[in-house]
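Please walk through this chain with the structure open beside the text. The paragraphs go from strands to helix, then to single residues and rings.

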Amino acid sequence: MSPTRRDLIRSGLALSACSLLPGSVTRAQALLEEYADLKSADASFAHIPRERLLFDFGWRFFQGHACDPSRDLGFGMNQGDFSKSGDFEFATQKFDDSKWRSLNLPHDWAVELPFVRDEELQSHGYKPLGRRYPETSVGWYRRVFEIPKSDESRRISVEFDGAFRSALVFLNGYFIGRNDNGYAPFRVDVTDFLNYGGKNFLVVRMDASFGDGWFYEGAGIYRHVWLTKTDTLHLEKWEAYVRPAVFGDSSTLRVAAVVANEKPFVDGGIVHWQIFDPTGKLVGTAGGGRARVDGHERLQFSDDVVIRNPSLWSPETPNLYSALITVLEVDHRTVRDSERITFGIRDIKWDPDKGFFLNGKSVKIKGTCNHQDHAGVGAALPDRLQEYRLGILKEMGSNAVRTSHNMPTPEWVEACDRMGMMMMCETRMMSSNPEGMAQLESMIKRYRNSPSIILWSMGNEEWIMMPQEQGPRVVAGMIARAHELDPTRMCTAAVNQDYQSHFPEVLDVMGFNYNLNEHDAYHKAHPKQPCVGSETASTLATRGIYSTDELRNWASAYDLNRPRWGETAEEWWKFYAAREWLAGGFAWTGFDYRGEPTPYGWPSISSQFGIVDSCGFPKDDFYYYKAWWGSEPVLHLFPHWNWGERIGEPISVWVHSNLDEVELFLNGKSLGVQKVQPLTHLEWKVKYEPGVLEAQGRKNGKVVLTEKHETTGEPAAIKLAADRTEINADGEDVAILRAEVLDARGRRVPTASVPITFKITGEGTLLGVGNGDPNCQESDKEPKRSLFNGLAQAIVQSTRAPGTITVEAYTEDWPPPKLPATRVVITTRKVELRQAVAEM
């Protein structure tokens with residue numbers, strides 16, 4: 001007997017109420033409405049077996065101290081802190097946190113700290129974290145919440161998607177657990193320590209004294225936190241999977257789940273799978289056998305489902321299916337637990353001679369590596385910002401990302417699934433020790449249902465381990481475990497040296513980092529091993545700068561600059577495009593990121609490797625990739641044409657285009673026509689005179705694109721534009737605003753450095769600001785930012801009340817005459833599905 005309609009609605013609610021994103025909620029909204037009708041008609045229907053509640057709101061924060069217990073809530077005053085259970089007063093009602101700062105998660109306190117000129121902190125962006133900075137390396141988070149008496153029969157956990165770095169968790173005076181890495185998720189079962197029917201006091205002490213990487217990593221609870229409630233008979237976390245195999249015009253899905261029984265005696269029910277296609281139509285079912293699980297045991301159940309004429313997932317058609325897994329009581333009426341999994345059906349193949357194939361078609365990987373920070377917010381990115389960043393990379397023509405160098409946040413992976421971006425998913429610790437294997441297992445179990453992931457990476461550039469005899473053993477052990485958990489994907493690692501050692505031979509897919517002179521010889525010696533560029537380019541550029549200036553820490557934005565190990569955009573892509581056996585590669589990096597301020601040191605506080613800057617504003621190489629990675633006609637002319645007193649001096653003028661030919665004009669006079677050569681830019685030397693520089697791009701003899709740069713006047717007005725003028729009133733959604741200045745004729749001034757002040761009123765707050773300047777040490781959190789080469793960014797977040805947000809931009813300290821203020825109004829709309837929040 002199949003589950004009733006109300007069972008399906010009830011089980012579907014468990015996840016849809018809190019995990020679906022805006023824009024994908026039509027079917028779930030219908031379920032909610034039907035649920036409300038059924039609930040009012042049948043009181044017994046009120047029980048929802050699984051709840052996953054967003055736990056981000058209503059926290060308080062206190063900056064502790066890593067060395068002085070008197071400034072760290074007395075923690076560690078003597079060695080007896082853990083001598084008795086339930087003795088931590090700061091996690092009880094007795095403790096007064098009224099002077100603590102109120103905030104919501106995600107939160108990164110490192111981005112709020114001042115910059116410190118300490119070369120030991122260079123790679124981490126000059127933020128004062130570490131054992132030499134105890135006063136800013138510890139933070140305490142505290143939250144008060146209530147649990148109803150009716151939850152006493154359930155299992156309840158607090159789940160952290162990620163927190164940096166060492167976490168100690170306390171509840172109601174008890175020490176609950178710890179976690180010591182900054183990227184893998186962790187959970188604590190709090191069932192036995194809760195106060196049912198009353199208030200509960202949760203405290204998390206975060207210590208960022210130690211880092212995991214050599215780049216900016218942030219500090220604090222910088223990803224989401226969830227409160228999860230389940231039945232004592234429930235689906236084990238991350239143990240459910242759907243494993244598609246494509247055969248002609250059909251696909252066989254291997255579905256599996258683990259049922260856990262937390263009771264001391266035998267329990268059981270019916271395990272049932274339902275498969276829904278991208279439109280929400282039911283297209284397959286499986287299971288139905290009774291599950292008998294001994295006390296405190298776990299039992300796996302699996303079955304096969306055949307899908308006829310599946311809609312395949314690809315970057316062009318990111319079709320997503322879903323599987324609803326339900327554990328029913330034997331009467332088929334009562335739902336004990338349920339889980340909804342999103343997955344895609346696609347076929348991948350790595351060929352040592354022909355490269356990478358997706359759904360039987362050869363696909364060149366056009367990828368970027370990316371760290372996880374962004375201007376204004378550090379590592380604590382709102383969900384919408386993940387989607388925004390991915391959209392910029394897709395606009396460039398990119399079809400893949402690498403999660404450098406750690407397990408990514410779930411929202412980044414989910415955005416790749418929805419938007420059609422392939423992924424090389426990388427773990428942080430390359431080790432077969434218990435911690436390394438635990439991180440690897442968490443990553444694979446958490447994300448193995450994501451169709452965007454095409455390759456698992458065991459880690460990056462372990463140059464000490466790789467040539468040693470331990471190296472091949474360690475990575476072989478990791479790969480073997482990865483294959484046990486997911487036999488459908490191959491494994492790689494990012495290798496930057498020791499190509500003659502045994503280490504690379506162990507990999508399923510060889511991952512090259514740079515070293516173009518090594519590729520051909522390695523492929524000749526290992527003809528049966530597929531190869532990919534795990535990290536390439538490292539091209540250097542400062543947005544809007546066209547003359548390298550070492551005194552100002554600027555690198556020209558022409559495609560000319562690279563470190564000794566790297567390549568320009570043209571160099572690496574010409575090399576990879578010419579070799580069919582190379583599956584493609586991942587350019588370092590898509591976005592500029594904090595830390596590793598290459599090629600300079602202080603006062604630079606971020607890298608200059610990005611194809612776009614830390615705000616997402618494109619540099620000129622963006623258009624080289626767009627021309628040769630994308631499918632649309634491209635004509636990009638640079639530099640700007642504001643050169644002041646340099647009249648008569650030669651200016652190097654470049655064009656990135658994929659058209660047939662381009663003609664350049666200055667003040668209406670032709671400077672010649674050039675044929676476009678594949679994967680190559682065009683260049684003219686032009687003596688500067690003010691006026692209009694114009695490029696006309698032709699296809700089949702006809703002008704199809706034109707671009708102009710005009711010599712502008714002084715700033716006369718501010719222009720402010722939002723990426724969206726309607727956002728969700730859920731306390732999480734954001735609008736991303738672009739600020740620039742115009743001259744008296746309404747033309748953008750590309751060299752402007754005007755300081756802009758932002759004023760936010762209404763149902764929103766200023767989350768952060770930035771301008772993409774790798775040398776700017778202005779605060780990311782103050783309501784003001786100087787333009788850098790004509791641009792700045794503000795990120796505004798909604799409250800949880802519908803209404804409007806008014807964002808005003810004006811000049812405060814700009815020399816007279818002041819520029820007139822401008823404003824943008826953003827509407828915040830009520831969204832029912834984002835109300836699955838654990839209230840205080």
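Buried means a relative accessible area under 20%, exposed means over 50%, and partly exposed lies in between, with a 1.4 Å probe and protein chains only. The model is predicted: local features need pLDDT of at least 70, side-chain atom pairs count only at pLDDT 80 or more, and totals for chains, interfaces and linings use all residues. Residues are numbered from 1 along each chain as its sequence is written, and side-chain values use heavy atoms, with hydrogens and water left out.

Helices (H or I, at least four residues) and strands (E, at least two) are DSSP runs numbered from the N terminus. Two strands pair if DSSP finds at least two bridges between them.

Strand β9 (residues 198–207) has nine of its 10 residues buried, so it is largely enclosed by the rest of the structure. It pairs in the antiparallel sense with β4 (residues 138–147) over 10 bridges, where glycine 139 stands opposite methionine 206. Antiparallel pairing also joins β9 to β6 (residues 166–171), over six bridges; there leucine 171 has leucine 202 as its bridge partner.

A parallel case is β22 (residues 365–370) with β23, paired over four bridges. Asparagine 370 has threonine 403 of β23 as its bridge partner. From β23, Ala400 and Arg402 point one way, Val401 and Thr403 point the other way, and all are buried.

The loop between β23 (400–403) and α4 (410–419) holds histidine 405. Is histidine 405 buried or exposed? Its relative accessibility is 2%, so histidine 405 counts as buried. Its side chain makes a polar contact of 3.3 Å with that of arginine 402; such a contact is a pair of N or O atoms within 3.5 Å, and within protein one must be able to donate a hydrogen and the other to accept it, while residues adjacent in sequence count only if both atoms are side-chain atoms. Leaving aside residues up to four places away in sequence, histidine 405 touches several others, including Trp214, His371, Glu426, Glu535 and Trp588. Contact means heavy atoms within 4.5 Å.

Helix α7 (residues 516–525) has Leu516, His519, Tyr522 and His523 as its buried residues. These cover an arc of only 100 degrees around the axis, which puts them on the same side of α7; the arc is that of the directions from the helix axis to the C-beta atoms. They pack against β27 (510–513), α8 (569–577) and β29 (582–588). The face turned away from the buried side carries the exposed residues Asn517, Lys524 and Ala525.

In the loop between β27 and α7 lies asparagine 515. Asparagine 515 has a positive phi of about 50 degrees although it is not a glycine, and it is partly exposed at a relative accessible area of 26%. Most residues other than glycine have a negative phi, and most peptide bonds are trans. A cis peptide bond joins tryptophan 602 and proline 603, with omega about 5 degrees; proline 603 is in the loop between β29 and α9.

Rings of Phe, Tyr and Trp (its six-membered ring) pair if their centres lie within 6.5 Å; planes under 30 degrees apart count as stacked, over 60 as edge-to-face and the rest as tilted. The whole structure has 43 aromatic pairs. In one of them, the rings of tyrosine 174 and phenylalanine 193 have centres 5.4 Å apart and planes at 55 degrees, so the pair is tilted. Tyrosine 174 is in strand β7 (residues 174–180) and phenylalanine 193 in the loop between β8 and β9, 19 residues apart. Tyrosine 593 and phenylalanine 609 form a stacked pair, 6.5 Å centre to centre with 20 degrees between the planes. Both of these residues are in the loop between β29 and α9 (621–629), 16 residues apart, and both tyrosine 593 and phenylalanine 609 are buried.
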